[in-house]
Amino acid sequence: MIHIVLYEPEIPQNTGNIIRTAMATGSMLHLIKPYGFVFNEKHLQRAGMDYIDKASIREHLNWQDFLESEKPENMYFLTRYGHKSQDRFDYSACKGDIYLVFGKESTGIPKHILKDHLDNCVRIPMMPDARSLNLSNCVAIMVYEVLRQLGQDTCRCRLMRVF
């Protein structure tokens, strides 16, 4: 299973879009507090639409609570400090679940978390003048790269009709 981990998300629209991606791909979404918004349907309704009730979401009090409750083994961290792009990792070689960790929109993942996982830091390639990509876009890029490597039927997905 793919797990999407949002460390202290700040923007409700991003979180709502990520809820939609998690539900559409059969991924588990982990939200690590504190949030930069009130987690209720009013703030997430437009972006998350009616997917909130259908998505698998777990909330965690903090990073330590997440580690203790999940005991994740295969963690990949999207960060500007990463030296390899998402397609240079072999996710199909992972035994067990895969956790994709994303930091808060303003500051990313704290260095004290990254320091023990430098070999699993990922950076999405972009033009030198680009400062950043939207968080929900980054989540989609990462999740679909993992699904591509694992095979589409891994998440019980079907081909979608695009209008």
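**Close-up 1. Arg58 and its salt-bridge partner in the predicted model.** Arg58 is partly exposed, with a relative accessible area of 36%. Arg58 pairs with Glu70 in a salt bridge, and their closest N and O atoms are 2.8 Å apart. Arg58 belongs to strand β3 (residues 56-60) and Glu70 to helix α3 (residues 63-70), so the pair ties together parts twelve residues apart in sequence. Glu70 counts as buried, at 15% relative accessibility. The whole structure holds four salt bridges.

Close-up 2. Glu145 is buried, with a relative accessible area of 11%. Arg148 is exposed, at 56%.

**Close-up 3. The salt bridge of Lys115 and Asp116.** Their side chains meet at 3.6 Å, N to O. Both residues are exposed.

**Close-up 4. Ser136 in helix α5.** This helix spans residues 135-150. Ser136 is buried, with a relative accessible area of 8%. Its side chain makes a polar contact with the side chain of Asn134 (2.5 Å). Beyond four places in sequence, Ser136 touches Asn14, Asn17 and Ile18.

**Close-up 5. The largest nonpolar core.** This core has 29 residues. Ile4, Leu6, Leu100 and Phe102 have the most contacts inside it. Elements giving two or more residues include β1 (2-7), α1 (12-25) and α5. Helix α5 gives the most, with seven residues. Leaving aside neighbours within four places in sequence, Phe102 is in contact with residues including Ile4, Leu78 and Met142.

Note on methods:
Residues numbered from 1 in each chain as written. Predicted model: local features only at pLDDT ≥ 70, side-chain atom pairs only at ≥ 80, totals over all residues. Heavy atoms only, no water. Helix = DSSP H or I, 4+ residues; strand = E, 2+ residues; numbered from the N terminus. Buried < 20%, exposed > 50% of the residue type's maximum accessible area, 1.4 Å probe, protein only. Polar contact = N/O pair within 3.5 Å; in protein donor to acceptor, adjacent residues only side chain to side chain. Contact = heavy atoms within 4.5 Å. Core = buried A, V, L, I, M, F, W, Y, C linked by side-chain atoms within 4.5 Å.
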